[in-house]
Amino acid sequence: MNQTATDLKLKVLCADLPAPPLFWRDDQGRRHGYEADVARLLGSKLAGDTAFVYRQWADFYPALEAGEGDILLCGQGISEYRQTLADFTAPYAVFDESVMVKRGSPIRRAEDLAGRRVGAIDKSLNMALAETFEGAIRVPFSGESEDVMGDMVAALRRGEIDAFIDDDVALVPLAEEQDLAIAFTVASRNAWGIAVKKGEPERLARVEAALAEVKVNGELRALWERWMPTLDYPF
């Protein structure tokens with residue numbers, strides 16, 4: 001990945017916020033979770049080691065374009081919009097999307113969102129799903145926040161929104177909170193990919209090859225089943 005002998009690390013752009021079981025950091029600063037381990041696994045194949053480069057959500061693609069990281073691996077569903085910003089590998093994960101509400105809410109299905117305020121990250125696949133809910137009032141949350149998930153949860157608890165949408169894997173831990181619940185899940189099967197700066201086909205091919213290798217040899221499946229045993233492995 002163009003590293004020198006003194007910099008044999010795969011630089012992975014990602015967010016520094018708690019989103020288990022995908023990623024979070026402990027008190028010692030070590031990153032844990034499925035995506036963290038996928039990044040380390042690919043780093044071991046491509047460069048010998050992995051370095052995490054933390055940026056806010058809204059800064060991911062400018063940072064990738066500026067060469068601040070070799071790849072972007074952080075909850076990036078492959079959308080038409082994002083494909084204008086970077087090139088993507090085949091998916092390393094596939095998830096459905098869920099709608100989170102306050103426990104006791106009457107919202108149980110998409111039709112119940114008519115006239116309701118529904119939050120999602122701006123320009124995300126989750127927002128694209130919100131746009132399909134007839135009559136829902138869409139409330140975009142900025143990726144410039146240091147903790148956009150926390151912002152949506154806080155807005156829901158304050159009554160500023162009636163629901164918000166995120167990928168099912170991110171909402172499962174939150175559903176254990178006494179005041180929060182998953183209203184329903186949509187089988188959208190969103191594919192998450194690794195982003196590489198446009199115009200770097202050799203780098204993209206190397207990352208693709210490493211990802212294909214860990215799918216074939218079972219290493220990716222082992223990580224999935226370690227961190228997300230209740231979700232079916234999609235490959």
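Predicted model: local features only at pLDDT ≥ 70, side-chain atom pairs only at ≥ 80, totals over all residues.
Mentor: Local features here need pLDDT of at least 70 and side-chain atom pairs count only at pLDDT 80 or more, whereas totals for chains, interfaces and linings use all residues. Residues are numbered from 1 along each chain as its sequence is written, and side-chain values use heavy atoms, with hydrogens and water left out.

Trainee: Why is the aromatic pair of Trp24 and Trp227 called edge-to-face?

Mentor: Rings of Phe, Tyr and Trp (its six-membered ring) pair if their centres lie within 6.5 Å, and planes under 30 degrees apart count as stacked, over 60 as edge-to-face and the rest as tilted. Trp24 and Trp227 stand 5.5 Å centre to centre with 85° between the planes, so the pair is edge-to-face.

Trainee: Why is the pair of Phe95 and Trp224 called stacked?

Mentor: The ring centres of Phe95 and Trp224 are 5.4 Å apart and the planes lie at 15°, so this pair is stacked. Both Phe95 and Trp224 are buried, and both belong to a cluster linked by ring pairs, which also includes Tyr34 and Trp192.

Trainee: How do you know that Lys215 lies over the face of Phe235?

Mentor: A charge sits over a ring if NZ of Lys or CZ of Arg is within 6 Å of the ring centre and within 35 degrees of the ring normal. Lys215 lies over the face of Phe235 at 4.2 Å from the ring centre, and Arg31 lies over that of Phe52 at 5.5 Å.

Notes. Buried < 20%, exposed > 50% of the residue type's maximum accessible area, 1.4 Å probe, protein only.
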